[in-house]
Each structure stands twice: as structure tokens, then as C-alpha cells.
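I opened the entry for this chain and made notes on what I looked up. The sequence and the structure come first, then the notes.

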Amino acid sequence: MKLSENFQLLEFTHSDTACKKGIPNLPNPEQQENIRRLVVRVLQPLRENHGSPHTITSGYRCSELNLAVGGVPTSQHTKGEAADVKGSDPRTLLTNLLSLKIEFDQAILYPNFLHISYRSGSNRKQVFYAKGVTP
């Protein structure tokens, strides 16, 4: 299912871990809507400004998959509200996200990707840096 010009639902549900372990990683309608909002309100505008493709390395995770990959039980990935995005430079993605004043809940900069979340209602615009990543 196409979510926007540059994003498909399959990008958010595919997981090598789920395939290996036989875990069905299928979002319910509410989770699909959360994914769509994340794409339309955050990821697509960021993609259009950034000018180069983004790869979703981890999107939606059902509870079983989240446990299998070591995610925290409260992960926004389980709600369809978060994605880990890999682009040419994660720091540049974060800079663009902030300069565009795009509404988001959390952005966590890791060495090789940027975790971005969006939730309906109030978004906190929190920025964090993973261990070993300088602000």
C-alpha cells in the first residue's frame, strides 16, 4: 500500500528478524493510520527537503518482534509511531528536521540512523543523542 510519493507500507512492516523467526508483523488499522501520519507529516516532508532517499531500517514492530529485537516494552515502534531512518548522513537528517520546524515527538541520533517518532496529539520535540554520539 502506497502511503506517500516515496513511502510504501511494506517498508515499515518488513523485518528480517520477523521473517527468520516466523513472526507475523502486521499492524492493525489504528497502527496503520499512525504509520500514515508519521509518513505524511514528518518523513515525506523531510524526504522532499533532503533531496535523497531514506531507508526505513525499522518501522512498525508487533510486540513479539519488538521483544525479539530487544526493544523496550513502551517503544513507539509498537504503535506505528516511530521509524529508524537511514540516509546519506543521519546528522544532516536531524539538522533538516529541526530547521524545517516539522512537528515530531522524539528524534534520537545514532551513529548510522535517526530514530523519528510522531504521535497524534501533543508532540514533545525531544532530541536525544545515543551513547557515543556528540550533540
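**Notebook: a buried charged pair**

I looked up Arg61 and found that it is buried, and that Asp84 is buried as well. Here buried means under 20% relative accessible area, exposed means over 50%, and partly exposed covers the range in between, with a 1.4 Å probe and protein chains only. The model is a predicted one: local features need pLDDT of at least 70, side-chain atom pairs count only at pLDDT 80 or more, and totals for chains, interfaces and linings use all residues. Residues are numbered from 1 along each chain as its sequence is written, and side-chain values use heavy atoms, with hydrogens and water left out.

I then checked how the two side chains meet. Arg61 and Asp84 form a salt bridge at 3.8 Å, N to O. Arg61 sits in the loop between β1 and α4 (63–68) and Asp84 in strand β2, 23 residues apart, so the pair links distant parts of the chain. I noted the rule: a salt bridge needs a side-chain nitrogen of Lys or Arg within 4 Å of a carboxyl oxygen of Asp or Glu. I also noted how elements are named: helices (H or I, at least four residues) and strands (E, at least two) are DSSP runs, numbered from the N terminus.

How many salt bridges does the rule give? The count is 5. One of them joins the side chains of Glu33 and Arg36, at 2.6 Å, N to O. Both residues lie in helix α3, 3 residues apart, about one turn of the helix. Glu33 also meets Arg37 in a salt bridge, at 3.1 Å, N to O. Arg37 and Glu33 are 4 residues apart in α3, which again is about one helical turn.

I looked up the accessibility of each member. Glu33 is partly exposed at 30%, and Arg36 is partly exposed at 32%. Arg37 is buried, with a relative accessible area of 16%.

**The sheet**

I traced the strands next. There are 5 strands in an open sheet, in the order β1-β2-β4-β3-β5, and the pairing is mixed. Two strands pair if DSSP finds at least two bridges between them. β1 (55–58) and β5 (126–129) are at the edges with a single partner strand each, so one side of each has no neighbour in the sheet. On average, neighbouring strands are turned by 25 degrees against each other, direction ignored.

I followed one pairing in detail. β3 and β5 pair in the parallel sense over 4 bridges. Leu109 has Tyr129 in β5 as its bridge partner.

Which strands does α3 lie across? They are β1, β2 and β4, and α3 runs at about 145 degrees to β4. α5 lies across β2, β3, β4 and β5, running at about 155 degrees to β3. Axes are lines fitted to C-alpha atoms, for helices over the stretch in contact, and angles run from 0 to 180 degrees between N-to-C directions. Contact means heavy atoms within 4.5 Å.

**The nonpolar core**

A general point first: in soluble globular proteins, nonpolar side chains tend to be buried together. A nonpolar core is a set of buried Ala, Val, Leu, Ile, Met, Phe, Trp, Tyr and Cys residues joined through side-chain atoms within 4.5 Å. The largest one here has 30 residues, and Phe12, Val42, Leu43, Leu97 and Ile116 touch the most other members. Elements that each supply at least two residues include α1 (9–13), α3 (29–50), α5 (90–99) and β4 (114–117). The largest share, 6 residues, comes from α3.

I listed the contacts of Ile116, leaving aside neighbours within four places in sequence. Among them are Leu38, Val42, Leu43, Leu46, Val85 and Phe104.

**Aromatic pairs**

I found 2 aromatic pairs. Rings of Phe, Tyr and Trp (its six-membered ring) pair if their centres lie within 6.5 Å; planes under 30 degrees apart are stacked, over 60 edge-to-face, and the rest tilted. Phe7 and Phe12 form a tilted pair, 6.2 Å centre to centre with 55 degrees between the planes. Phe7 is buried at 1%, and Phe12 is buried at 0%. Tyr110 and Phe113 form a stacked pair, 4.4 Å centre to centre with 15 degrees between the planes. Tyr110 is partly exposed at 30%, and Phe113 is partly exposed at 21%.
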